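Hi,

Here is the structure I promised to pass on. Have a look at it first, and then read my notes below.

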Amino acid sequence: MIRISEPAQAHFRKLLDKQEPDTNIRVFVVNPGTPTAECGVSYCPPDAVEASDICLEFDGFDAVVDKDSAPFLEEAEIDFVTDQMGSQLTLKAPNAKTRRVADDAPLIERVNYMIDAEINPQLANHGGKVVLLEITPAGKAVLQFGGGCNGCSMVDVTLKEGIEKQMLAQFPELTGVMDATEHHAGEHSYY
């Protein structure tokens, strides 16, 4: 469920040595499955472990996860990196904002998951987002851009060179991607 790098494990062991005996770490997600989801790590004293918690064993400590956070921490990674700016703990949880769907889920669910987990986080760096409106009977994913993408002069490049290539590589059942946003008017319509 969660991968913790060797440097991060060493960092946690060092921190936990200064805590009461049998203290572990708790990894959690606040507002899981929503756009405002945030991941965190805290100390977890022995009396804070619930019967329904999942305990993942690592070298010298356990990572405790509550059952509500668990599905959103699939494929999560914790690392401890050191560079010229100093050291910091990083936690990457690609499924925190949206629950991973099964490989055999309907195509529309798998495409929506990809948009939420992979595409929108990239577009958010520029204040944008994209929404899947439908998948046509011909296999075209019809998208609507919003935020900073609406009216952006680079939207065609983003669509064809980024999103479409990524979607077609991941979903061979798709035949293409269409933009339903009328960028100059700030409205949407098919073209």
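To start you off: in which loop does D22 lie? You'll find D22 in the loop between α1 (6–16) and β2. (Helices, H or I of at least four residues, and strands, E of at least two, are DSSP runs numbered from the N terminus.)

Before going on, some ground rules. This is a predicted model, where local features need pLDDT of at least 70 and side-chain atom pairs count only at pLDDT 80 or more, while totals for chains, interfaces and linings use all residues. Residues are numbered from 1 along each chain as its sequence is written, and side-chain values use heavy atoms, with hydrogens and water left out.

How confident is the predictor? The pLDDT (the predictor's confidence in each residue, from 0 to 100) averages 87 over the protein chain, and 95% of the residues score at least 70. (Contact means heavy atoms within 4.5 Å.)

Back to D22. D22 has a positive phi of about 65° without being a glycine. That is worth a second look because most residues other than glycine have a negative phi. D22 counts as exposed, at 62% relative accessibility. (Buried means under 20% relative accessible area, exposed over 50%, and partly exposed in between, using a 1.4 Å probe and protein chains only.) E75 also has a positive phi of about 65° and is not a glycine; E75 sits in the loop between β5 and β6 (76–83) and is partly exposed at 44%.

Next, F28, which belongs to strand β2 (residues 24–30). F28 is partly exposed, with 23% relative accessibility. Leaving out residues up to four places away in sequence, F28 touches several others, including E38, V41, D66 and L73. F28 and E38 are 10 residues apart in sequence, and their C-alpha atoms are 8.4 Å apart.

Now some strand pairing (two strands pair if DSSP finds at least two bridges between them). Strand β8 (residues 128–135) runs antiparallel to β9, joined by 7 bridges, and L132 stands opposite L143 in β9. In the hairpin of β8 and β9 there are 4 residues between the strands, and G139 takes a positive phi near 90°. β9 and β10 are parallel, joined by 4 bridges, with K140 partnering G176 in β10.

UniProt (unreviewed entry) places a "binding site" at C149 and C152; its positions are given in the numbering used here, feature names are shortened, and annotations may be inferred rather than shown by experiment. C149 is buried, with a relative accessible area of 10%, whereas C152 is partly exposed at 32%.

Finally, helix α3. Does its length agree or disagree with what its 16 residues should span? At 1.5 Å a residue (times one less than the number of residues), α3 (residues 155–170) should span 22 Å, and its end C-alpha atoms are 21 Å apart, which agrees. There is also a kink of about 35° in α3, centred on E164. (The bend at a residue is the angle between axes fitted to the seven residues ending there and the seven starting there.) E164 is one of the buried residues of α3, and these pack against α2 (107–124), β9 (140–147) and β10 (176–179).

Cheers!
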